[in-house]
Amino acid sequence: MKFTKKPITIEAFQFDGDFMNSNGDYYVPEWAVDAYKQGILYFEGPDLFIRTLEGIHAVSYDDYVIKGVKGELYPCKPDIFKMTYEHTSDET
C-alpha cells in the first residue's frame with residue numbers, strides 16, 4: 001500500500017551550533033527556548049540532544065529541530081527536511 005503525508009504546517013529551525021548570539025540573545029523560536037529551559041533540549045558540551053518519547057536523539061549541525069503537531073520535538077536531517085517540507089507564510 002502507498003500513503004501520502006497529510007498537509008500540515010509545522011514549526012522548525014535549523015541548528016547552527018548555538019541558540020544565542022554574541023550578545024546573549026536567543027535567536028531560536030520561543031518554543032525552543034522553553035524546551036531548553038525545561039531540559040527537553042540540552043547540550044552536553046557542544047552537542048545538542050532532544051529528549052523524546054522514543055528516547056534521547058542527537059541533533060547534528062545543520063539538522064532541523066521540528067515541533068510536531070502535538071508539540072513534540074524531534075530532529076530531521078536537512079536533505080529529508082527539504083524533500084518533505086516547503087516554506088510557508090509565518091501566519092498560522
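Thr-52 counts as buried because its relative accessibility is 18%, where buried means under 20% relative accessible area, exposed over 50% and partly exposed in between (1.4 Å probe, protein chains only). The residue lies in strand S3, residues 47–52; strands (E, at least two residues) and helices (H or I, at least four) are DSSP runs numbered from the N terminus.

The model is predicted: local features need pLDDT of at least 70, side-chain atom pairs count only at pLDDT 80 or more, and totals for chains, interfaces and linings use all residues. Residues are numbered from 1 along each chain as its sequence is written, and side-chain values use heavy atoms, with hydrogens and water left out.

The side chain of Thr-52 reaches the backbone nitrogen of Glu-54 at 3.1 Å. With the side chain of His-57, that of Thr-52 forms a polar contact of 3.4 Å (a pair of N or O atoms within 3.5 Å; within protein, one must be able to donate a hydrogen and the other to accept it, and residues adjacent in sequence count only if both atoms are side-chain atoms). Leaving aside residues up to four places away in sequence, Thr-52 touches His-57 and Leu-73, contact meaning heavy atoms within 4.5 Å.

The chain as a whole has two helices and six strands, which run β-α-β-β-β-β-β-α from the N terminus on. Buried residues make up 27% of its 92 residues. The C-alpha trace spans about 45 × 30 × 25 Å along its principal axes.

The mean pLDDT of the chain, the predictor's confidence in each residue from 0 to 100, is 92, and 97% of the residues reach 70 or more.
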